[in-house]
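These are my notebook entries on one structure. I put down what I looked up, in the order I looked.

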Protein chains: 4
Amino acid sequence: MPQLNCTDFLNISELLSEEEIEVQRMARDFTEKEILPIITKHTRESTFPKELFPKMGALGFLGATLPQEYGCAGLNNVAYGLLMQELERGDSSMRSAASVQGGLVMYPIYAYGSEEQKKKWLPLLASGKKIGCFGLTEPDFGSNPAGMLSRAKKKNSHSTNSGWILNGTKMWITNGTIADVAVVWAKNEAGKINGFLVEKGMKGFSAPEMKGKFSLRASVTSELVLEEVEVPEENRLPKAEGLKAPLGCLSQARYGIAWGSLGLAMACYEAAVEYSKTRIQFDKPIGGFQLTQKKLAEMLTEITKGQLLALQLGRLKDAKKITPPQISMGKMNNCAIARKVSHVAREILGANGILDDYPVIRHMMNIESVYTYEGTHDIHTLILGEEITGIAAYK
Amino acid sequence: MPQLNCTDFLNISELLSEEEIEVQRMARDFTEKEILPIITKHTRESTFPKELFPKMGALGFLGATLPQEYGCAGLNNVAYGLLMQELERGDSSMRSAASVQGGLVMYPIYAYGSEEQKKKWLPLLASGKKIGCFGLTEPDFGSNPAGMLSRAKKKNSHSTNSGWILNGTKMWITNGTIADVAVVWAKNEAGKINGFLVEKGMKGFSAPEMKGKFSLRASVTSELVLEEVEVPEENRLPKAEGLKAPLGCLSQARYGIAWGSLGLAMACYEAAVEYSKTRIQFDKPIGGFQLTQKKLAEMLTEITKGQLLALQLGRLKDAKKITPPQISMGKMNNCAIARKVSHVAREILGANGILDDYPVIRHMMNIESVYTYEGTHDIHTLILGEEITGIAAYK
Amino acid sequence: MPQLNCTDFLNISELLSEEEIEVQRMARDFTEKEILPIITKHTRESTFPKELFPKMGALGFLGATLPQEYGCAGLNNVAYGLLMQELERGDSSMRSAASVQGGLVMYPIYAYGSEEQKKKWLPLLASGKKIGCFGLTEPDFGSNPAGMLSRAKKKNSHSTNSGWILNGTKMWITNGTIADVAVVWAKNEAGKINGFLVEKGMKGFSAPEMKGKFSLRASVTSELVLEEVEVPEENRLPKAEGLKAPLGCLSQARYGIAWGSLGLAMACYEAAVEYSKTRIQFDKPIGGFQLTQKKLAEMLTEITKGQLLALQLGRLKDAKKITPPQISMGKMNNCAIARKVSHVAREILGANGILDDYPVIRHMMNIESVYTYEGTHDIHTLILGEEITGIAAYK
Amino acid sequence: MPQLNCTDFLNISELLSEEEIEVQRMARDFTEKEILPIITKHTRESTFPKELFPKMGALGFLGATLPQEYGCAGLNNVAYGLLMQELERGDSSMRSAASVQGGLVMYPIYAYGSEEQKKKWLPLLASGKKIGCFGLTEPDFGSNPAGMLSRAKKKNSHSTNSGWILNGTKMWITNGTIADVAVVWAKNEAGKINGFLVEKGMKGFSAPEMKGKFSLRASVTSELVLEEVEVPEENRLPKAEGLKAPLGCLSQARYGIAWGSLGLAMACYEAAVEYSKTRIQFDKPIGGFQLTQKKLAEMLTEITKGQLLALQLGRLKDAKKITPPQISMGKMNNCAIARKVSHVAREILGANGILDDYPVIRHMMNIESVYTYEGTHDIHTLILGEEITGIAAYK
């Protein structure tokens, strides 16, 4: 099978299976045919191309690692990573949408939900007919979710099956406003974190969109407001207990970001290479100048290492040997190099680099969110620091 | 006189005269009262607050270093620098507008124009009643203006006073679309660069706005299209000869940017300090964490050095001892540190850093233009390299 | 088989074969038992532990990838890389000695030599009974060997088998003074580069040691002076033609450095981790401070990526698919990160970091040579730049 | 008066008084005539050129800011800074020797001593006839001197004038072994830090030299061992109370380092410029390549900003307005840029950069000490961080 035409300086694609490459190809096609033609307009107007959701569903892009019995593609983690990479080569907004749906909504239902919950929600979410969102972060608790103020109170404290009253505010919720179901995390009266499936239209639940973003503009970002929302017991995720449950979701999402950010970096690098070969100054292509070559060589080196890192993480994840600090390294490094690559690509494009005729400025704005969400760079630094030294230094 | 309340870690304001501080204060007031309240809206909607032009004129902000006999403020270069700093603390778009009007339109009329041209144009431009733009850069000649394709042909080659026919295309022209007069540079038949005052409405002259910018969104950026435009001889700048003339203008503009970019950096730094003192995570202000303190300390150090650099450049300019490579160092360094500061400030603001509720993301986008225009970072690097080694390495 | 106790954050050792790990283990033992106990003294006194040469030979460390029929170990390239890594974990001087012997002396004899030359020299060099050196670089031709001034003239231009007269000066020659045989490159009268085996004691050949090094102090670095040296035709490498031949040797050496520099980085990182866990300041281990954790996390991330890079290069080399620019990326990146890691480790060790009680300062000095030789960082940058853009920018 | 021929890109020397330039010139001459001819040998052999001490004394270089009534030069702080700069342009060892003698021995005697102590010691130390050292740092208390274990016990607790018994160990003491007098800091029984003049030969006091340094090799670094040393009351500094006293000394020393490190950076930069203009590769001086010009331009920019920073600190110090965090910025920044400059200069010198034929490798090793002592980079970062945020983050 011929390789895809993309940045692959060390023949890494030869380490992939045919199936993995096939997934990459499908996602590449989707990005080129569905995302790229419309993304500039959506970014300019700050709107989300909601119509792509069922299309992604039809291709198996949503919850792609979950089993086929729930309507999912059952991919391995490397194929899933390549999928995230190719979507984010298009735009971080679309990759984020798929990440949230799969890693933060479908995954917790799959991992912590009852069989009924799985059967009800997973096929709907997998198909893209329903959209989900993930409510963990609060206005004053970004890096420290354990401090959350949202509360879940038993409606009738004497009945084990009486339902719950939820109160709280969540922020920075991708797809919140358009979601049919929100996985909301709140502390019960014992101070233990529980997860709830809060459905659109439940009384007291609203999800206003946040405005004025200059990053992920083609994504919907929302607040979730819960005021005395009644949620039946059957909407509680029965196997989620304590902070470990949402952190498990974050591991899924972070893993996907380690790959997705590579796609962003590759898109920027490829735009810069193309530009540097065709843009003439002082009678030669700017790619022929030493200062430009240094930039390109460094970009390629960082991307290549990021690819090797993501692939090894995928192999470890498929072998069920991966640890959260290993994922932190991937998320931290690949976001950081993607951020750097986007800035350098912007430089190479000169004045053209500020126009949305080229994808670079859009990616450069997007990476700021990606660099920050699902654990900031600094938080992942400290996760690694703790792993190395045995000493926690967060506080 | 009490100091202004701003970033001044090394008491640099004590090196300023009362008059210089007074100019700074006026510009600060203008920024706070006129720019900051409206700039978020203009940036969101990508519109230029044209109504601020006559207000800047009334305050003497336009062409501020030129003599009072032409309606200008006659400031020294340090006061002018502080003015640029304070405007850009508001937004690079407004500083750019003032820079172009003063350094790239009024300055060449003053330096290379006839007495009639000065008397006609300088008071109008100083008052902000008329707006000017500067047409040097061409689509394929950014860093290498000497290669320009625009041509000025004598209308009647036998008469010395017969007027000219201009043809060519200019790009990346700040205020082009709204300008009443454009200083356009073109090569005559002998291959010498000449400057012309091309007026709005001249036949064959148009200035379409460029769309899709994600930087300097509150600024108008345009193409200038000249198709057989007839320009009378009295609209030619008689004392401008060769590339030296537009390069002299660029020196004015670059000097202003060395100060302006500091204002941008200070705005970002101050927002980050404020945020770091009030944003609580893990039960303390994030400013209390070592990783945040490192960021803040580095930002402050770079800003402080940039201030000293700008001030020394100003003193050298006032003493008429300044050289173009010295200005290059100022432009290059202060844009680079402002760019870095804006990124780090964005990090410190966490997720809030992507919202236009805070000024940082706007400045972060703006600096990309400022870093690039009037000589990219790399071009200034090579100007310095040539000064150090005596060897030109542009080609 | 249990893993070795070393920096392996992503379980990369699980990607190694048993044989590869066994080679690593042997080399690790050698380093710990033979190199580390004596290296501080040799570094302090600037002497070379020549007695280790036959010991390395006995263990198969010299020319280790060449076939067993010539007395060599016949290792694959990954095992060879691990060997270089473990030796340089000890000291760059010993890795350099092994690199030169294997990659720059035995390899060209093997690749470009006659069967007689191979049979004569390879077993002697493999055993460490004889020492070789590689004479390519000249005082004025470091990065540009094609410009070499050394000349080989036919003794009798009418006889094809009459022997040669060599003249020239080589510099920066590892092991030059103690070598029994030097592979010397010189241009013939047609301007083509040829390789010659110049033996110790040949008339007109001398190899004075260079003094005053503060890097690779436990290594001998020499000049080679050739004044009318007569070399018989049978000492010419018959299959070496043009610059391609010595560049082929450099590819071998650069590949080994990509691994060796990792060993240096790992030694520094491990010293820093150990120190950070035991050094108490302000009543806690300095490894518990955020600023230290950031340093450690970055070091580990860079080392891990360097390991993945080296391993993939090894797999490509074993598959005979590797290209020179791919090797350049490995040499360039891994030396750069080792250099950075050594500096940061030095910081973490505080004042103790300047003492040779700890290995870090020694490695920090050594990496300066390793960063520079076999192609400087900048040369490899431009090799990559040419690969990316198709345009050579060396000149 | 003609300017000195040195790196002064922004005509900063025009901001100096004639007297200041005269001091700079004297120090420059001393460095060129006395230090540079012998420093390579001393560095190679790890010996201290003790004979330069009285020569420095004769020129007024020791305790140069103290009043003439005590035999000192009475210089202002800018002249003193220039002196430190020029000495360190020679070698950090000599600047360190002068710094310690003036800032850490003579200054505390002057600031905290009795009139008798001043009259006895200052003229002897100013002349270089006696050598002093400063004993604050302990093996386990580098960054946190408040934790010191050294103890001073009243010999007879009922008499106010009975003398003291000192016990403790100090480390990293410049000039310890050769000092005639040591300013030793120890806690009294109330836990308050006191300063004592411990004289050579006092029973129980020894100062063994530390070996194996690869930094400041031309300097003596020692331990101080105090075992039941009896020190009379008249050897106690009467006005030194608490940690404030030794910290006051550190401010003196740090200020001098802010200037001295600039001298080191200038020496490296100038060597690199010279080399880049004369070293030919690919048929042109390497200074003509873009990659080299980038390095040179960045070095010059950082040095220039460091000069402005040091000068402004000097002016603030002369005006008695300087604060410890301002000094921290100078020490931190100028050491960091000197370190970076030394590495880049080493790169530019290629292989020659590892030889002591050129000064760069020596400076590169020296700066590691200078970067670390008198407050590491990280400690100064946190001092600034505390100043900015109001929150101490050391612990």
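Entry one: two helices of chain B. I found that B:Gln101, B:Val105, B:Met106, B:Ile109 and B:Tyr110 of helix 4 of chain B meet B:Gln117, B:Lys118, B:Trp121, B:Leu122, B:Leu125 and B:Ala126 of helix 5 of chain B. Two residues are in contact if their C-beta atoms, placed from the backbone, lie within 7 Å. Helices (H or I, at least four residues) and strands (E, at least two) are DSSP runs, numbered from the N terminus. I sorted the residues of this contact into 8 nonpolar, 2 polar and 1 charged. For the classes, Ala, Val, Leu, Ile, Met, Phe, Trp, Tyr, Cys and Pro count as nonpolar, Asp, Glu, Lys and Arg as charged, and the others, Gly among them, as polar.

I noted the ground rules here. This is a predicted model: local features need pLDDT of at least 70, side-chain atom pairs count only at pLDDT 80 or more, and totals for chains, interfaces and linings use all residues. Residues are numbered from 1 along each chain as its sequence is written, while chains are lettered from A and ligands numbered from 1 in the order in which they are written.

Next I checked the geometry. The axes of helix 4 (residues 92–112) and helix 5 (residues 115–127) of chain B come within 9 Å and cross at roughly 160°. That makes helix 4 of chain B roughly antiparallel to helix 5 of chain B. Axes are lines fitted to C-alpha atoms, for helices over the stretch in contact, and angles run from 0 to 180 degrees between N-to-C directions. Angles under 35 degrees count as roughly parallel, over 145 as roughly antiparallel, 65 to 115 as roughly perpendicular and the rest as oblique. Helix 4 of chain B passes helix 5 of chain B in a left-handed crossing. A crossing is left-handed if the near helix is turned anticlockwise from the far one by less than a right angle, and right-handed if clockwise.

Entry two: helix 8 and helix 10 of chain B. Helix 8 (residues 324–348) and helix 10 (residues 377–389) of chain B pack at about 140°, with axes 9 Å apart. That makes helix 8 of chain B oblique to helix 10 of chain B. Their crossing is left-handed. Helix 8 of chain B brings residues including B:Pro324, B:Met329 and B:Cys335, and helix 10 of chain B brings residues including B:His377, B:Ile383 and B:Glu387. I counted 8 nonpolar, 4 polar and 2 charged residues in the contact of these two helices of chain B.

The axes of helix 6 and helix 8 of chain D come within 8 Å and cross at roughly 20°. The two helices of chain D are therefore roughly parallel to each other. Their crossing is left-handed. The contact of helix 6 with helix 8 of chain D has 19 nonpolar, 7 polar and 2 charged residues.

Entry four: chain D against chain B. How many residues does the contact take from each chain? It takes 35 residues from chain D and 35 residues from chain B. Helix 6 (244–278), helix 7 (290–318), helix 8 (324–348) and helix 10 (377–389) of chain D each give two or more residues to the side that touches chain B. Helix 7 of chain D has the largest share, 13 residues. That side of chain D divides into 17 nonpolar, 14 polar and 4 charged residues.

I then superposed the copies. A rotation of 180° with 0.0 Å of shift along its axis puts chain D on chain B (RMSD 0.0 Å). That is the relation of a two-fold axis.

I logged 10 helices and 9 strands in chain A.

Technical notes
Least-squares fit on C-alpha atoms with pLDDT ≥ 70 in both.
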